[in-house]
Structures are given as C-alpha cells and as structure tokens.
Amino acid sequence: LLLLPPFAWAQTRDTPSPVRLTPELVVAGSPELIRVSAPGATAVDGEWLTRKFAFFRDHDEWVALAGVDVEAPIGPSTLRITARVGDRTQDLSRTIDIHAAHYRTESLGVQPKFVEPSPEALQQIHRQSELKAKVFASSAPEPLWHGDFRAPVSAPPTDSFGTRRMFNGKLASIHKGAVFRAHMGTPVHAGNSGVVVLARPLYFEGNC
C-alpha cells in the first residue's frame, strides 16, 4: 500500500464491499438479509456459524436469508461466501461481528419431568433432535415465499423470541419461537407461502 499513489489508496479504501447485510448491526438471534454483487457469477454458496445457506439470483445480485443463532458466541465470526465465475472460484468472505442482544428472563414452575427428563424421555428427545436436524438441513432450490410475512393469528403476542426461561429456578431453555393467545378454534394461517416439512407432536414443543 505504501507504493500506491494517494488516489489509488483512496479508491482501495472507499471501494464498497460486494457483500451487504441488512440489518448492518448483527446481534445474536437476528435474521439477516445477505446481498452479494457478483457480476458474471453462475452460483454463489454461503456458510456461517457452521450452517450452509442458499443464495438465489435477484436480477444482478444474489440474495440469501440467514439467521444468527440466539446462542451464537459474541464476537467476530467468519461469513464464508464463494462465487463461481466461469471455471474459477472467487472468495468473498467477510468477518462479521456478532453483538449481544438483551432478551428478558421469565421464571416458571413446571413439572419435574420437563427439567429432569427420564431416560426414556431423553431417548425420545434425542430422536426428535435428529429428526429436526435432518428436516432443517435442506433448502428449496428456489424461494417458495413472496412479499411480506404475517402473524399466524390476529391476536397480541404473549411471549417473544429469545426469552430466557428459568424452570424451577434453573435456566432450562432459550425460547426460539413466538407465542400468541387465541380462543380454541381460531384459524391459524401460514406466515407466507411454503411447504410443510414437519407436522407432529414433540416433547418440548407440543404440537409442531
């Protein structure tokens, strides 16, 4: 860089990154829209926090939706992005700082089986964890959704994503969903277009 003339250094410093995240401030638990400018690319691949995610072409850009785990470690992380241009691969990886989020904590009194499951229940939980991992490991080749997402019912939420749940005085879980209260028989709508990939009762989630 010392050999570059001043105007060249300014150009290098001010060149915008081909990878943009929305929102720019990344916190644990946040969804992220990732846009990549890669002219001439025939495919773009991504991996972040050990998870692979799919990019889709959007006119002259490539777009992906990714989520930062609410339990992701705070600090720098590597967002790995590669673009295939002809017979070569272009590395567009970036370092992304993950910031702490501040979620509320609630205390609940529950039956002991939900804090200390029996050996039989632990086997059931393990099988269900493997099932969920298999279901969520793949992605559709094209976006199945379009437009804005909507809440499943016309009712105020009673609990939010990220809540730290203390069961019988112990941190038992971090809530990774949203809760709405409605009368029995209220129609529940899909948040957008898509495909149902799992429909069954689960140990912790109930009907899922």
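This is a predicted model: local features need pLDDT of at least 70, side-chain atom pairs count only at pLDDT 80 or more; totals for chains, interfaces and linings use all residues.
A residue counts as buried when its relative accessible area is under 20%. With that in hand, I looked up the share: buried residues make up 26% of the 208 residues in this protein.

**Confidence.** The average pLDDT is 86, and 92% of the residues score at least 70.

**Overall build.** I looked up the secondary structure and got 2 helices and 17 strands. Why do I call the protein more spread out than a compact globule? Because its radius of gyration is 22 Å, well over the 17 Å that the globule rule gives for 208 residues. I also looked at the spans of the C-alpha trace along its principal axes, which are about 70 × 35 × 35 Å.

**Contacts.** I took the contacts with a separation of 6 or more. Of these, 62% are between residues 24 or more positions apart.

**Surface.** Phe-136, Leu-144, Val-195 and Val-197 form one on the surface, and together they have about 410 Å² of accessible area.

Where does Val-195 lie? I traced Val-195 to the loop between β15 (179-180) and β16 (201-202). Is Val-195 buried or exposed? Its relative accessible area is 59%, and exposed means over 50%, so Val-195 is exposed.

Methods. Residues are numbered from 1 along each chain as its sequence is written. Side-chain values use heavy atoms; hydrogens and water are left out. Patches are made of residues with over 30% relative accessible area and no salt bridge: like charges are joined within 9 Å, nonpolar side chains (Val, Leu, Ile, Met, Phe, Trp, Tyr) within 5 Å. Accessible areas come from the Shrake-Rupley method with a 1.4 Å probe; for residues, only the protein chains shown count as cover. A salt bridge is a side-chain nitrogen of Lys or Arg within 4 Å of a carboxyl oxygen of Asp or Glu. Helices (H or I, at least four residues) and strands (E, at least two) are DSSP runs, numbered from the N terminus. Buried means under 20% relative accessible area, exposed over 50%, partly exposed in between (1.4 Å probe, protein chains only). The radius of gyration is taken over C-alpha atoms; the globule rule is 2.2 Å times the number of residues to the power 0.38. Contact means heavy atoms within 4.5 Å. pLDDT is the predictor's confidence in each residue, from 0 to 100.
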